[in-house]
Amino acid sequence: MTVITVNGTEQKLQVDPSTPLLWVLREQLALTGTKFGCGMAQCGACTVHVDGTAMRSCVTPLSAVSGQKITTIEGLAPNNNELHPLQQAWIEEQVPQCGYCQSGQLMSAAALLATNPSPSDADINIAMAGNICRCGMYSRIRRAIKSVAGVQQFDPAVTELAREINNG
Amino acid sequence: MGKWTRRAVISAGVVAGGGLIVGVAIRPGNRAAKLSKYVAGDGETLLHTWVKLDSDNVVTAIIPHAEMGQGVGTALAQMLADELDADWDLVKFEEAPALGEFANYPMAQAMLLAGADIPDFVLPTVEGALIRTAHVLDLQITGGSLSVRTTGAYGMRIAGAAVKEMLKIAAAEAWQVPVNQVIAENSQLIHKASGRVEPYCAFAESASQMTPPVSPTLKSVDEFKIMGRHVERHDLPSKVDGTAIFALDVRLPDMLYATVMRAPTFGGGIDSVDEVRTRAINGVVDVVQLPSAEVSSMLGKFTYAESVAVVAKGYWAAKQGMDALNIQWRSTENDGVSSDAIFKQFDRDISAGVDRESDIAQGDLVASMENAAQVIHADYRVPFLAHTCMEPLNATAMVNDGHCEVWVGCQSPLSFRQAIANALGFDIENVTVHNCFMGGGFGRKSRPDYAIQAAQLAVSLGRPVQLLWTREEDVRQDFYRPAIQSRFRAALDDSGDLIAWENTYVDKHEPDEAALIPYSVDVQDIGHVRSPTHIPFGAWRSVAHSHHGFFTESFIDEVAVAAGQDPFDYRVARLQHLPRQLAVLTKAAKEAQWHIPLAPGRGRGISLQSSFGSIVAEVVEVTVKDGNLSVDRVVAVIDAGYAVSPDGMKAQIESGIIYGLSAALFGEISIKDGAVVESNFHDYQSVRMSDAPAIETHIINSGADWGGAGEPGTPPIASALTNAIFNATGNRIRQLPIKNVDLQAARESTATMG
């Protein structure tokens, strides 16, 4: 038996411990907000927090997280009546299209802001590098992260352009 | 995605429409009474096929389209609610059930009647025939960037306006006042003289007894209150907290999990399967060979090859079981085919020109080429592409007492229902399709193969089964954007004017006009030859525009360079007869500050493509440093006539750009031994956060006919990008993807002089 804590609730699981955490969440615990996209840690749709760190649950065996605290998209909001600031920003910026990758995007972004409240563009690029959005909503994701971080938004291409114009 | 071609629908329509003019008028009356049982819940009254009203005065728009990310429900509900003068806070929408009764006749109408001037008295007859036609054609599809410009323009607006007229008549009768004194506003009916104000729902019941007017008065643009306004999408809250239900999230009691595999070489089958190791795996329940299935559609017949499925108590066991199978595939005549061989075949067939058919042929090409001061020529190529929707293909099926229920995300629920019924040998009435949110579609989810497999498994196992393809199967058993080669020749006179344009490409696909150019050139010969391959064809976001937008807008750039002229100015000089295109291109250049020079190592490229009723221009800015490419910025301008949902349109353009950018930079499905080499996101890459440019989208509301938004952002991006790389480096890229190009290599010549 493997014991893990998921979104604050202790779960005792009689599952082959080599099973990736993703399938335990989706099938044993019916937490279907965490998605399957590739099965090889390439797309990030399955991202969850393990003791606060963003991990790809599709390649993380249950045995590797025994005794640890897991947070999924269902547990990201502080309570049932309130969204996480990033979830709110995702709606304000109208980020999702199909929405399938967004649980993973939000979990990666939340892990980033938890350790780095004012990320630079480069920090965002690194933290979000593992999350693919086939609808291509990257600029909205970036804007939404920055709106929560409260960092002044700038666009390197536009800054560069302005410099060139100023320099004639 | 636009595989329901106007031409095809018209030819089908002739059959049903033979009786249109001489036949018996089929007055549809109010179909709501018949349809009510399918969609109206407690306290809800269906007033029209697409409109219901509940006792809390909430209007629900019934949307005959599927949600795959494009926000279709929001835009169509805006169109309906505006004509209805509804309070937007009291408007909801839901997807129409996958039933023939909800076949999308406004879409058929738009395709058949666009531009036709039908007298009012004939309209009820036409409507009746269209309903029957749409029903026969299983027309409930999402694709071709059609939803707003067909269902919205011909269905939702008219439904909203019709229901408003019915409600006003009902109120006038109840209040015993002239109907022209009744005002509809914010979901309320008002009679100013008597001070009466009542909500719409007070008259729902009496209005539902009326026959909806077929040509109610529609608003003019300056009367729009909800169309053109920024509204938040209704589906997003569920997409940020994990509660949105995709087909893969369906959970049924006693459900088993499965995965499948087909012969890697297309058209191949199973010779033998050694199941011993698989059956020894804990949790594996069964190994099932699924028969091939033949699907008929307007596109012709297609046979899905047989497959092997492993069914288990959980997906992980099924996957391990699949990995443990030892399958011998039957050899096929295509086992030796490679990408190289395919492109050699294209080259041979273009050169031979056998049975070449013209898209357009005007003027004396031979004389123009002979008299030219300069002739340039070039060959372009693009590879096969997979769709890689974020949500891998999956479907969940259950069979009870001879009735099959399937939960799936698909772009064509009615044709899926028919295909499942045919494959199982069930009557159509015994198949129910529940369409869920799609985690991307892009054209792939118009093919029912995965839903048929799930249904076959549910029958075989006698238990509910959730079938999930591995990403590897998803990449290797797709229906692909075809590989294409396109050959160009252009003649210039001594002033650099373009006097003749010749183009021959392989493989003609929809839309018909994709290879045509907007520029005024007197002598043109654009045509195609057949050069079939065994790789299955699929509609891929923007279909034939996805490659022709790259070919034609790159070669016109080469022509401008050969003429020694600025590529933007050169286009402008040849667009004087097309004011909308000219305005779009000019605005893109202005917003991108086209004429302000960039630093060395940086470049700009421009591209213009009209597709799916909309005109889009894009300007890309790049930096190329030490052979590394950075796509810094994209400025896009779209004229789709009128933007119903401006932020939704911008999101679609952003999405189309990134989708096309992934293909331009990385997208390549290569063929070896008759099969696909790539398998997952590590070798079939997508644009990621760090690759993504800043995108600015500008909308021109020209007031022209409605155009689409889902696809038109994709066609210009590849050529705008490669034109920018040429501008930065002098390196002309004629074969995608760009990842295969050494950007540090010595610059090539521009187009070969001939």
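The model is predicted, so local features need pLDDT of at least 70 and side-chain atom pairs pLDDT 80 or more, while totals for chains, interfaces and linings use all residues. Residues are numbered from 1 along each chain as its sequence is written, chains are lettered from A and ligands numbered from 1 in written order, and side-chain values use heavy atoms, without hydrogens and water.

**Exercise 1. Describe the interface of chain B with chain A.**

Step 1. Start with contacts, meaning heavy atoms within 4.5 Å. 68 residues of chain B touch 55 residues of chain A.

Step 2. Take the buried area, which is the accessible area (1.4 Å probe) that two parts lose on being put together, summed over both. For chain B and chain A this is about 5100 Å². Carbon and sulfur atoms carry 58% of it.

Step 3. Find the main contributors on the chain B side. Val240(B), Met390(B) and Met689(B) lose the most area to chain A. Together they give 18% of what that side buries.

Step 4. Count salt bridges (a side-chain nitrogen of Lys or Arg within 4 Å of a carboxyl oxygen of Asp or Glu). There are four between chain B and chain A. One of them pairs Arg140(A) with Asp647(B), with the closest N and O atoms 3.1 Å apart.

**Exercise 2. Work out how helix 13 and helix 14 of chain B pack.**

Step 1. Locate the elements. Helices (H or I, at least four residues) and strands (E, at least two) are DSSP runs, numbered from the N terminus. Helix 13 of chain B spans residues 413-424, and helix 14 of chain B spans residues 449-461.

Step 2. Read the geometry. Axes are lines fitted to C-alpha atoms, for helices over the stretch in contact, and angles run from 0 to 180 degrees between N-to-C directions. The two axes come within 9 Å and cross at roughly 40°.

Step 3. Classify the angle. Under 35 degrees is roughly parallel, over 145 roughly antiparallel, 65 to 115 roughly perpendicular, and the rest oblique. Helix 13 and helix 14 of chain B are therefore oblique to each other.

Step 4. List the contact. Helix 13 of chain B brings Phe416(B), Ala419(B), Ile420(B), Ala423(B) and Leu424(B). Among their partners in helix 14 of chain B are Tyr450(B), Ile452(B) and Gln456(B).

Step 5. Sort by class. Ala, Val, Leu, Ile, Met, Phe, Trp, Tyr, Cys and Pro count as nonpolar, Asp, Glu, Lys and Arg as charged, and the others, Gly among them, as polar. The contact of helix 13 with helix 14 of chain B has 10 nonpolar residues, one polar and no charged.
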